[in-house]
Amino acid sequence: MSLGEPINRLIDCFHVADLKDILSLLMLSVNMENKENGSLEVKNSVENGRPPDPADWAVVDVVNYFRSAGFEEQAIAFQEQEIDGKSLLLMTRSDVLTGLSLKLGPALKIYEYHVKPLQTQHLKNSS
């Protein structure tokens, strides 16, 4: 799918003052389109607006993380269950696959490509 038409509709909804935000969304769309298997590289906190350690993330940070990774629908489940960074780091595979009532495919990708790597990185940084 070409990004041109949806982007043009998006731009029509904003004023010139919002150009910086539009460009950020464009870059995010391009990055997500170029990634396979639902994974997305995590950038440093200055670029993505979240604290560097997931343990410090608020619920909104977790939700935004999954939205930016292309899991818009699934991000709602994290919001409804009030999963903050500390809770995210404590989640097991079973929690993600069954506890959030997500479809199996996205749930597997979320756990394998996002939750598990965030947990691993947090453990490395904590020791």
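**Note on an all-helical predicted model**

1. R67 and E72 form a salt bridge whose closest N and O atoms are 3.1 Å apart; the term requires a side-chain nitrogen of Lys or Arg within 4 Å of a carboxyl oxygen of Asp or Glu. R67 is partly exposed at a relative accessible area of 30%, and E72 is partly exposed at 44%. Here buried means under 20% relative accessible area, exposed over 50%, and partly exposed in between, with a 1.4 Å probe and protein chains only.

2. The model is predicted: local features need pLDDT of at least 70 and side-chain atom pairs pLDDT 80 or more, whereas totals for chains, interfaces and linings use all residues. Residues are numbered from 1 along each chain as its sequence is written, and side-chain values use heavy atoms, with hydrogens and water left out.

3. The whole structure holds two salt bridges. One of them joins E112 to K116, with the closest N and O atoms 3.3 Å apart. These residues are about one helical turn from each other because they lie four residues apart in helix α8. E112 is partly exposed at 32% relative accessibility, as is K116 at 37%.

4. The protein has eight helices and zero strands. Both kinds of element are DSSP runs numbered from the N terminus: helices are H or I with at least four residues, strands E with at least two. Of the 127 residues, 29% are buried. The accessible surface is about 8,300 Å², and carbon and sulfur atoms account for 54% of that area; the areas come from the Shrake-Rupley method with a 1.4 Å probe, and for residues only the protein chains shown count as cover.

5. What is the size of the largest nonpolar core, and which residues have the most contacts inside it? This core has 24 residues, and those with the most contacts are F66, F78, L88, M91, I110 and V115. Helices α4 (59-68), α5 (72-80), α6 (85-90), α7 (93-99) and α8 (104-126) each supply at least two of its residues, and the largest share, five residues, comes from α8. A nonpolar core is a set of buried Ala, Val, Leu, Ile, Met, Phe, Trp, Tyr and Cys residues joined through side-chain atoms within 4.5 Å.

6. M91 is in contact (heavy atoms within 4.5 Å) with F78, I83, V96, L100, Y111, V115 and Q119, leaving aside its neighbours within four places in sequence. Among contacts in the protein between residues at least 6 apart in sequence, 50% join residues at least 24 apart.

7. Rings of Phe, Tyr and Trp (its six-membered ring) pair if their centres lie within 6.5 Å; planes under 30 degrees apart are stacked, over 60 edge-to-face, and the rest tilted. The count comes to three aromatic pairs. The W57 and Y65 rings are a tilted pair, with centres 5.3 Å apart and planes at 40 degrees. F66 and F78 are stacked, at 4.4 Å centre to centre and 15 degrees between the planes. This pair links distant parts of the chain, F66 in helix α4 and F78 in helix α5, twelve residues apart. Ring pairs link W57, Y65, F66 and F78 into a cluster. W57 is buried at 4%, Y65 at 4%, F66 at 0% and F78 at 0%.

8. In α4, the buried residues are D61, V62, V63, Y65, F66 and S68. S68 has a relative accessible area of 16%, and its side chain reaches the backbone oxygen of Y65 at 2.9 Å. After α4 comes G70, whose phi is positive, near 95 degrees.

Terms used. Polar contact = N/O pair within 3.5 Å; in protein donor to acceptor, adjacent residues only side chain to side chain.
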